[in-house]
Amino acid sequence: IGQCIMSVIQDMAEEIFMQESDFPPALLPGMEGCFGLLFGLPFYFTFVSHFRESPQDIWIQITSSTFNICYMIALTCLFTITGIFNIAAT
């Protein structure tokens, strides 16, 4: 429930920001991505030593099933198409 509330607050803040400023709509998701990368990488490198698993083992698990491969491709396409429509709607 908390994640839903925070998502609504973020969407409202973005809309207010976009209406109040002369800002290209496609720049805001790019800034969010940079912000996430900036804060995500330190967390990843901080906690990766605690949950260490071989990347080769993970790759073998992913590619062992054609369902997993098709699922990853379909999910990537879904997110890409959704993002394109989201940007086109703003």
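**Helix α1 and S7**

S7 belongs to helix α1, which covers residues 2–20. Helices here are DSSP runs of H or I with at least four residues, numbered from the N terminus. This is a predicted model, in which local features need pLDDT of at least 70 and side-chain atom pairs count only at pLDDT 80 or more, while totals for chains, interfaces and linings use all residues. Residues are numbered from 1 along each chain as its sequence is written, and side-chain values use heavy atoms, with hydrogens and water left out.

S7 has 30% relative accessibility and so counts as partly exposed. The scale runs from buried (under 20% relative accessible area) through partly exposed to exposed (over 50%), with a 1.4 Å probe and protein chains only. From S7 to F35 the chain runs 28 residues, and their C-alpha atoms are separated by 16 Å.

**Helix α2**

F35 is part of helix α2, residues 27–47.

A kink of about 25° occurs in α2 at G40, shortly before the proline P42. The bend is the angle between axes fitted to the seven residues ending at a residue and the seven starting there. F45 also lies in helix α2.

**Exposed phenylalanines and a nonpolar patch**

F35 is exposed because its relative accessible area is 52%. F45 is likewise exposed, at 57%.

F35, L38, F39, F43, F47 and F51 make a nonpolar surface patch of about 730 Å². Patch residues have over 30% relative accessible area and no salt bridge, and nonpolar side chains (Val, Leu, Ile, Met, Phe, Trp, Tyr) are joined within 5 Å, like charges within 9 Å. A salt bridge is a side-chain nitrogen of Lys or Arg within 4 Å of a carboxyl oxygen of Asp or Glu. Accessible areas come from the Shrake-Rupley method with a 1.4 Å probe.

**Cysteines**

C4 is partly exposed, at 49% relative accessibility. C34 is exposed, with a relative accessible area of 55%. The count of disulfides (cysteine sulfur atoms paired within 2.5 Å) is zero.

Key
Helix = DSSP H or I, 4+ residues; strand = E, 2+ residues; numbered from the N terminus.
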